There are 4 protein chains.
Amino acid sequence: MTANDVQFGVNLDVTTYSNGKRETHNPPGRALPLVVWDYYKNGCSLRLLNPQAFSITVWNFLSVLQEHFGSMCGANTYLTPAGTQGFAPHYDDIEAFVIQLEGKKHWRVYNPRKNTDVLPQFSSDNFSQEAIGEPILEAIVEPGDVLYFPRGFIHQGDCLPDTHSLHITVSSYQKNCWGDLLVKLLPAALQVAIEEDVEFRQGLPLDYLDYMGMQNSDMDDSRRISFIQKIQSLIKKLAECAPIDIAVDQKAKEFLHDCLPPMLTKAERAHTVHGIPARWENGAVQDTDVQMERGTLIRLLRHGIIRICNEGESCLLYYTTDNSRVYHKEEPKYFEIDLEHVDGIEFLIHSYPKYVSVDSLPCESLDEQLALAMFLFEKGLLLTMEPLTPA
Amino acid sequence: MTANDVQFGVNLDVTTYSNGKRETHNPPGRALPLVVWDYYKNGCSLRLLNPQAFSITVWNFLSVLQEHFGSMCGANTYLTPAGTQGFAPHYDDIEAFVIQLEGKKHWRVYNPRKNTDVLPQFSSDNFSQEAIGEPILEAIVEPGDVLYFPRGFIHQGDCLPDTHSLHITVSSYQKNCWGDLLVKLLPAALQVAIEEDVEFRQGLPLDYLDYMGMQNSDMDDSRRISFIQKIQSLIKKLAECAPIDIAVDQKAKEFLHDCLPPMLTKAERAHTVHGIPARWENGAVQDTDVQMERGTLIRLLRHGIIRICNEGESCLLYYTTDNSRVYHKEEPKYFEIDLEHVDGIEFLIHSYPKYVSVDSLPCESLDEQLALAMFLFEKGLLLTMEPLTPA
Amino acid sequence: MTANDVQFGVNLDVTTYSNGKRETHNPPGRALPLVVWDYYKNGCSLRLLNPQAFSITVWNFLSVLQEHFGSMCGANTYLTPAGTQGFAPHYDDIEAFVIQLEGKKHWRVYNPRKNTDVLPQFSSDNFSQEAIGEPILEAIVEPGDVLYFPRGFIHQGDCLPDTHSLHITVSSYQKNCWGDLLVKLLPAALQVAIEEDVEFRQGLPLDYLDYMGMQNSDMDDSRRISFIQKIQSLIKKLAECAPIDIAVDQKAKEFLHDCLPPMLTKAERAHTVHGIPARWENGAVQDTDVQMERGTLIRLLRHGIIRICNEGESCLLYYTTDNSRVYHKEEPKYFEIDLEHVDGIEFLIHSYPKYVSVDSLPCESLDEQLALAMFLFEKGLLLTMEPLTPA
Amino acid sequence: MTANDVQFGVNLDVTTYSNGKRETHNPPGRALPLVVWDYYKNGCSLRLLNPQAFSITVWNFLSVLQEHFGSMCGANTYLTPAGTQGFAPHYDDIEAFVIQLEGKKHWRVYNPRKNTDVLPQFSSDNFSQEAIGEPILEAIVEPGDVLYFPRGFIHQGDCLPDTHSLHITVSSYQKNCWGDLLVKLLPAALQVAIEEDVEFRQGLPLDYLDYMGMQNSDMDDSRRISFIQKIQSLIKKLAECAPIDIAVDQKAKEFLHDCLPPMLTKAERAHTVHGIPARWENGAVQDTDVQMERGTLIRLLRHGIIRICNEGESCLLYYTTDNSRVYHKEEPKYFEIDLEHVDGIEFLIHSYPKYVSVDSLPCESLDEQLALAMFLFEKGLLLTMEPLTPA
């Protein structure tokens, strides 16, 4: 808080839950330490949002997890004074992993109350204690413990009278269910079907408004049955022409925009373009002459940092390395690639984590192989097995 | 043109087609007769758009047709000088009926050139003569003749050297195919499925981005097959829960907005609220006391002028009688109705064109029956078999 | 109301004022006679807005008045049942002329309550009876009487117990004061001054923020005095370079957009382009050959129907004849004119109402004279002394 | 560039000027060192925009200058290869100070070409060599030299054949002339005049459109003279009621938004709220108890970091300390202050740079004095002469 520009309501929430009432106490403006600690000493919980923007450890941890989950990972940190509770019982629209860091916390977890709350699309409002029944799990977590709440499970946590609690909650799988993919897929599938299958372009029956619609829904009319069967048969036909790979790439594109950039170790940096010691010194540019050879061994910096997507006639390469640690602070990052480079990039993707030599890239010539490798290296997307050294 | 505010480009187009080139010659502003006739005398075709706004006959004709088609009917009128052609060969996105009024016209009609042009969604650009091949129909139409081009058939018409042509073209079935209904139905069906069927809310596989998407489309991986089958099975499930009647009502609502208002004859007016002689005279209101009895015989003014649609919790009655003769000049017209009036209104819709007595309406009491009948009568939606007369 | 589409809240207001409370009772939608008369019989006042759109007499009257006032004239018609009052005491932002048509009305007029209410820019809220003091005028008006309230005078009118009242109120001079012209003039004057006078472009004093502004307003500092004198001297300089004619034309342009179109008598129409008997008959165009001669006598149709305005490099002629009787239903109407026609048009404007011969127009040649005269005639802006007859 | 996210076109421009042609060569995306140095080695100039966001030295220097100028100070850094020129001759809308850092540069400065280019409002396009005549100043600058171009002076600089050039250009006084203040002042002055002086609310003459405006500008009519005199007299009246302090505060408010935040030395920080060692340690909050006494000596952190502005009924304190080093990245920062604190804050502003004791603040009680001092201290706006130490 001292060094960083932490804003109440943006990066930090001050909350209480007592006597069944959940309240937020954020003042406007920047959160300065004296003020924040004063709230804490008065029994308020502090929720630090997106600690990945402030902590390199959290950034690294989440960027590795997101690769594993194929879905954005977020986090919040919670500091709760002894003997208090900061939040009302509720469920979230994400899978949650609570990692206890300091102190202890007493947790109660409850079943979803009805079928439509199982694996829900949206987070709940706050529940009253009466509404949630008996917990299915009750536990006190201590530093090093991890607690997992699946999406939709109601939960609440409070501090024991004699000790505070500090934990981080990692979340993932927000809007990442089959239905979310179908939201992207169905309009595209219908468009393909209309363009390619004349049955979708045939006119509706002249009289369909006379037997379909709410005002006719109680009619006993064979035309209704035929109409409904026709619609059902068309929907089933859609399954055959759905452009699934294209819809997956739309989701992938969003995921790459959501992603944290990878966190590089100093050793890793030395093997990327960031390790080249090019600089301005003594009134001149130094050490910029680096070159790959046919045998230079390369690989992608990380699995999942790039994605090839078709966009109309052209082919775009989306990538995560220039994203910000602050969610969506940067626009989606991509560049257009030559169609003859697609095979080479796919080869690198599928070879990961193995190193391959430049001349093994499926390109038309060694010049093309070197050009592609150097281009991806300069963009910061490749590691070389040995650091490239200036001539 | 003398009495009405006819605007070039809005109500009237001035066109030529000669030496394979189609041109529009609209000057800006209001079309005054001297200027328009000058274009005509110089060989230009005149296309009067939406004659239903200027001619009662056309209005009446189209308003009857739209009821029959369950889809908006439009019209244009074409006046072409002898020995000229006004338009290049093309096809339209509507069913077209050409009715010859004066003079003669030589028409040529051609097959769609490829499967995806059959029953097309969108009109074509202009074709060159070379591109369209041999006509499948060639005919000279004379006053009283009607020519029908199905959606997608290429056509061109030109005048004989010695006689001009005046015809009206009636169109219908724009955006009225099964695909257009599915555009409304599928998002609603998916929303229902996600809310009601947990299978749609289950998370996507952790690793699906590694084998799905364009960059993986050549992979030989059993996970791809399973993923595709899962998607296809979910799409087929959609067929079962699709809210078809609700989607039909969305289309019906748009149709009622598109509709021309009904054209009433003087005799018909006498049987509606417009026939009540209420007026201001001699410093006082005269003849406003009209009442229905239990035995008053009533019916809807026209089939298709109202539509019951559910909107969230409430029930709305859309109607066409306050529409303008100019397309979409008025917002969609509707009022909310009491849920206990729904049965009575459905009864009137399904009884049409028979008259029914007020006390046969399925309402809870005679008071309710009279209230509903009087309400619809005052809105101008009902005919009484006998004109209501003031007390 | 029977023939026209009168909408509650748009064309008709239903109001009451009783026990010191003013209420509006507009239902939604179209105003049908039975419903409207029912309100009236229950003691409601009816205010018909913009009767000029429905009555040719009112249209003609207002179009003549607007020429006289150089400012838009509007009107409302008020029908009030015996023994009631429709509106609370208030003042308006316009000059008002009440013309009694039927029955009688009892009026009370009050002085503005404070200096800033004299000739106000905005209408007042409703006043309570206590707030307005004693009337300075109290009168009963009868058919044929006219009552004038200057802008800002508080007024209220109620019906005698035994007779209703019908009157029309004509308004003018809304936003037509010196300040309204200065709102247009000052930004233009400042822009000219900055471009032309380097004193306006000189930098502000380095330290002005230290002695100017609210936090320094109590400082006794000679720099404050100099700064204020400098600003005052710059403002006074503005007076010299203010482009007054250009600002007046901006107001004129708005006025022409606000204007009603002129109402032509049948006799007048015969002398305009609308009198030419051009028509479609027997399959051919008839009677379109009309021509002016050098001696044809012409004049503007009406004073004030056109206005020449410079817009950047080009010269536009704004005109009112294609306006709608409904306020601002049409966009501002204008066309670009050749710079060599400006003198001819100014000559016609300044000659009005005298007829002048075509060859007296200050143009370069007879051809130009005929072209200009015929152009304005075809646009419907000129009268010929004798009707033009087809060859 | 290695550590920071430098974007082409946002933070860095790559340019050339040769054979009279100025070109920009920015590729899309992030500027990585290898690519940038490659451009430089090929003869391109590099312009690093807003070095204050990357260099603490520049930030500090500009933040001190802006206080002195009362106007935002910006900067760009230019690196030019030997024997090249990066930019075409042009003039800018700011006062420019060139500070040579490395190498040498040959500069030529030219007089404004016409009166309206003296102290211009807007920067010029690029000039050809032919258009600018002979320089009035020609010089070679070396490290440590400073060159000043007043607003509007045309200039160009190129490198000697044997040495590169690195310089920083500091700019100020953009949109900071008397005219810019009048743009804010005049609408407010007119609004005051209309509200307070009935002469501004009087109606325009009935017939003014007949003798004013372009079409009447050649008329010899005494009414024109009176009208013009009336307008001039009203403009002169405006000088008397112009709310100058309010308009200055509008400019001040914008200036505070434009400002860089002050750069604090480590020693200075120790005397502000940022020096309090409050922290989380051993599971508890440490060292947050700090208090002022009546004799604590305080002063504003910097002159010009706060500004009191009236906004309607309330009083806002704008401040610069939470601004970003990136221009306008943060919204304007302010908080509302109690009216009884205004005198105290003005006292602190006018006492700067002297320290004053808390009990010398013009507040109603010691409690108020302590509350105000502590409030400003916690916001980071005050220095204490001695660091406050926790109890």
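B:Arg294 is partly exposed in this predicted model, with a relative accessible area of 48%. Its side chain meets that of B:Asp359 in a salt bridge, 3.4 Å from N to O. This pair links distant parts of chain B, 65 residues apart: B:Arg294 is in the loop between strands S12 and S13, while B:Asp359 is in the loop between strand S17 and helix H9. B:Asp359 counts as partly exposed too, at 32% relative accessibility.

| Salt bridge | N to O distance |
|---|---|
| B:Arg294 and B:Asp359 | 3.4 Å |
| A:Glu199 and A:Lys230 | 3.0 Å |
| A:Arg223 and A:Asp207 | 3.0 Å |

What about the two pairs in chain A? A:Glu199 sits in helix H4 and A:Lys230 in helix H6, so their bridge ties together parts that are 31 residues apart in sequence. Both belong to a network of salt bridges that also takes in A:Asp197 and A:Lys237. A:Arg223 lies in helix H6 and A:Asp207 in the loop between H4 and H5, so this pair ties together parts 16 residues apart.

Now for some charge on the surface: A:Glu336, A:Asp338, A:Glu340 and A:Glu364 gather in a negative patch. A:Asp338 sits in the loop between strand S16 and helix H9 of chain A, and is partly exposed at 42% relative accessible area.

Finally, how do the chains relate?

Methods
Residues numbered from 1 in each chain as written. Chains lettered and ligands numbered in written order. Predicted model: local features only at pLDDT ≥ 70, side-chain atom pairs only at ≥ 80, totals over all residues. Heavy atoms only, no water. Patch = residues over 30% accessible without salt bridge, like charges linked within 9 Å, V, L, I, M, F, W, Y side chains within 5 Å. Areas by Shrake-Rupley, 256 points an atom, 1.4 Å probe, with all protein chains shown as cover. Salt bridge = Lys/Arg side-chain N within 4 Å of Asp/Glu carboxyl O. Lys, Arg positive; Asp, Glu negative; His and termini not counted. Charge placed at Lys NZ, Arg CZ, Asp CG, Glu CD. Helix = DSSP H or I, 4+ residues; strand = E, 2+ residues; numbered from the N terminus. Buried < 20%, exposed > 50% of the residue type's maximum accessible area, 1.4 Å probe, protein only.
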